[in-house]
Each structure stands twice: as C-alpha cells, then as structure tokens.
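Okay everyone, thanks for coming. Let me put the structure up on the screen, and then I'll walk you through a few spots in it.

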Amino acid sequence: PAILAYPSFNALDAVSVATFPELVGLRPEFPVRVSVVAPRMDVIASSGLSPSGGQQLMPTHSFDEPPKDVDVLIVPGLSNAGPFPYQDEITAYIAKTYPHVKHVISVGTGSMLLATAGILNGRRATTAKADFDAATAPFRNDGKNIAWTTGRWVRDGNVWTASGTAS
C-alpha cells in the first residue's frame, strides 16, 4: 500500500487504514511494505489539534519518483472540506496512478481528491459526514454523475470511500 501524504492531512485517516496491511505483513508469507508518497521529499506535518501542529511523517517517495507496483492507494482527507494544499499535483498523481492499482481507498474528505481526479465519475461514494454538504457541493452539478451517500463506507468496484476513520 501507499499512503498519499500532503501538508495538514488527517494522519488518523491514513495510518489507521495502513495498519491492517502492516500487521498482515508481520507474517513472512505475506510481505508488505507501506510507502508514503508526497509532492516533495520533505517532512509532512499532519493536521494537529494543538497550536504546535500534528504528527510528522517522512515520505519514502515523491510524485516525481513514486513507488513501483502500488496495489492499494490510501487517500486521507483534511479535517475540513479544503482547500487542499498541492491539489493540482495530488489529483494529477491520483489520476496517473489509479489505472495501475488494485484498489483505492479514501477516508473523509479524501473523496474530494478522488472526485477532482475523475476517479468517482459515475460511481457511488461517501465523504466526511461533518463536512458532507461542503465536500459534495463542488461535484453536485458538474456532470461527473457522482452518487453521494451518507453511508459509513461505500465500495464501487475497486474504489472504497469511507466517511471517517472509525467507519
């Protein structure tokens, strides 16, 4: 799996989803390597509740030199409905990577990045319940035909969207 990281991302959205494959990878017959992909090879500070900021994550790869053979792309959200830092670069990376992954998983407002990248066109999806109206508004009448739902999680083909980490 690869975690997509960017400034102010919700760390719990990313790390909680990546924990399961990491635990499976403890067994020698199921080798797993979790990559962290970011726009730049700089330390990424997640959203934080304290004024000093959140957790910091060091990318293993950049968009310019992404990991090979990503099977699952994990797209965390922000703690609100944007704007997203590096949005154009992030959505271009998602659009380029998506055809080569087995699954993509977004958590919370990460679904907004999938929608902007065109991955949710004609699909059912969910997003952060607390920001549902703000997160879905840009995509309601844009011709992408996304069927937004307030469900905890939605699977449509190889695309999984979750309304939050505990979903």
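Let's start with Arg40, which is partly exposed, at a relative accessible area of 36%. Keep in mind as I talk that this is a predicted model.

So what does the Arg40 side chain meet in a salt bridge? Its partner is Glu89, and the N to O distance is 2.8 Å. If you trace the chain, you'll see that this pair links distant parts: Glu89 belongs to helix 2, residues 87-97, while Arg40 sits in the loop between strand 2 (35-38) and strand 3 (44-45), and they are 49 residues apart. Glu89 is partly exposed too, with a relative accessible area of 31%. As for the general idea, side chains of opposite charge can pair when their charged atoms come close.

How many salt bridges does a search of the whole structure find? Three. Another one is between Arg123 and Asp156, where the closest N and O atoms are 3.6 Å apart. Arg123 is in the loop between helix 3 (110-116) and strand 8 (124-125), and Asp156 is in strand 10 (residues 153-156), so this pair ties together parts that are 33 residues apart in sequence. Is Arg123 buried or exposed? Its relative accessible area is 17%, and the cut-off for buried is under 20%, so Arg123 counts as buried.

Then there's the salt bridge of Asp133 with Arg140, again with the closest N and O atoms 3.6 Å apart. Here Asp133 is exposed, at 55% relative accessible area, and Arg140 is partly exposed, at 47%.

Okay, on to a couple of threonines. Thr127 lies in the loop between strand 8 and helix 4, which is 132-136. Its relative accessibility is 0%, so Thr127 is buried. And what does the side chain of Thr127 reach at 3.1 Å? That would be the backbone oxygen of Gly108. If we leave aside neighbours within four places in sequence, Thr127 has a whole list of contacts, including Thr109, Ser111, Phe132, Trp148 and Ser163.

The other threonine is Thr97, over in helix 2. Thr97 is buried as well, at 11% relative accessibility. Its side chain reaches a backbone oxygen too, this time the one on Tyr93, at 2.8 Å.

Now let's look inside. The largest nonpolar core has 41 residues, and Leu73 and Ile94 are the ones with the most contacts within it. Which elements each supply at least two residues of this core? They are strand 1 (2-4), helix 1 (11-24), strand 2, strand 6 (72-75), helix 2, helix 3 and helix 4. Zoom in on Ile94 and, not counting residues up to four places away in sequence, you'll find it touching Leu4, Leu73, Val75, Leu113, Leu114, Ala117 and Ile119.

Last stop, back out on the surface. Which residues form a nonpolar patch there? Met41, Val43 and Met58 do, and together they have about 280 Å² of accessible area. Val43 is in the loop between strand 2 and strand 3, and at 48% relative accessibility it counts as partly exposed. You've already visited that loop, by the way: Arg40 is in it as well.

Terms used. Residues numbered from 1 in each chain as written. Predicted model: local features only at pLDDT ≥ 70, side-chain atom pairs only at ≥ 80, totals over all residues. Heavy atoms only, no water. Salt bridge = Lys/Arg side-chain N within 4 Å of Asp/Glu carboxyl O. Helix = DSSP H or I, 4+ residues; strand = E, 2+ residues; numbered from the N terminus. Buried < 20%, exposed > 50% of the residue type's maximum accessible area, 1.4 Å probe, protein only. Polar contact = N/O pair within 3.5 Å; in protein donor to acceptor, adjacent residues only side chain to side chain. Contact = heavy atoms within 4.5 Å. Core = buried A, V, L, I, M, F, W, Y, C linked by side-chain atoms within 4.5 Å. Patch = residues over 30% accessible without salt bridge, like charges linked within 9 Å, V, L, I, M, F, W, Y side chains within 5 Å. Areas by Shrake-Rupley, 256 points an atom, 1.4 Å probe, with all protein chains shown as cover.
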